[in-house]
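Please read the following briefing alongside the sequence and the coordinates.

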Amino acid sequence: VIFFTVTAGAGYGLLILLAFARVAGLAPDISPDQVVGTGVLGLVLVTAGLLSSTLHLANPKNAWRSFTRFRTSWLSREAVFAVAFYPLALVWLFVEWWFGNTLGSVVLGLATATLAVVVVVCTAMIYASLKTIRQWNTALTPVNYVLLALLLGALIFLAILAWLDLDTSRLGAVALVVLAAAALVKLVYFHWIGQPAGPTINTALGFTRATVRLLDVGHASDTFHTREFGFQVARAKLIWLRAISLSLAFALPLALVAGLFGEPGLVHLGLAAVSAYAGVFVERW
């Protein structure tokens, strides 16, 4: 699930930035063929993430059932919009490849970017809608998901432009803004949830003024729910993981893109993308 959310998010972020690059001229010298190649890479990342999401299912052949509860389930909405995303993205890339940067390709690109944001928000809402986990049940969760997707997409796009020996100055400025915004939201989130701690029966029920005691656990051994939702990590370890995620996902990429280690070329931008991916992976865990 972590690989899915991070990798697919990176793919969606790349396609979002690619669409807006064509509108705002963030990559002025990129050709239609290069746009299509970059878009295909984004779709590969999205597909790899989506396929990996079925591996945690006890019975993967029943994955189709996720499409049947659109009115009540964020997971179902995510599945429906993720499938609808493909034909729209493919039509956009075909129009871009055949006709170039025309009004039609711009409109299709913006529509694809909008649907990509919708899918990422639906993914985030699967967790943000869980009232029993206070740390997830906040509007900061979908904001964080979208910003981290854009962060990964911007850095991967920058590395691609550097590899193609194209101008990275405009997109680099956008990447710095996204990095700063994502880091700020993450710091606000860490401050809001307070000291690292897992969910307890008190936080799940919302009772904070008295001790709640479970009289009957209902089973004699570990279950999926106790292993997954009652999983506990040492507080000191969580603090170290926070520091690692902030360093890898934000601090190091920010320094590399800003040129603190020298002119940001392919090596620096590639390292920034890899570092951010690793940092977001730790953050998501």
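Predicted model: local features only at pLDDT ≥ 70, side-chain atom pairs only at ≥ 80, totals over all residues.

Residues are numbered from 1 along each chain as its sequence is written, and side-chain values use heavy atoms, with hydrogens and water left out.

**Overall architecture**
- The protein contains ten helices and zero strands, where helices (H or I, at least four residues) and strands (E, at least two) are DSSP runs numbered from the N terminus.
- Of the 285 residues in the protein, 41% are buried, meaning under 20% relative accessible area with a 1.4 Å probe, protein chains only.
- Among contacts (heavy atoms within 4.5 Å) with a separation of 6 or more, 74% join residues 24 or more positions apart.

**Helix 1 and helix 10**
- The axes of helix 1 (residues 2–24) and helix 10 (residues 266–284) come within 10 Å and cross at roughly 140°; axes are lines fitted to C-alpha atoms, for helices over the stretch in contact, and angles run from 0 to 180 degrees between N-to-C directions.
- Helix 1 is therefore oblique to helix 10, a term for angles left over once those under 35 degrees (roughly parallel), over 145 (roughly antiparallel) and 65 to 115 (roughly perpendicular) are set aside.
- In this contact, Ile2, Phe3, Thr5, Val6 and Thr7 of helix 1 meet Tyr277, Val280, Phe281 and Arg284 of helix 10.

Definitions and conventions. Buried < 20%, exposed > 50% of the residue type's maximum accessible area, 1.4 Å probe, protein only.
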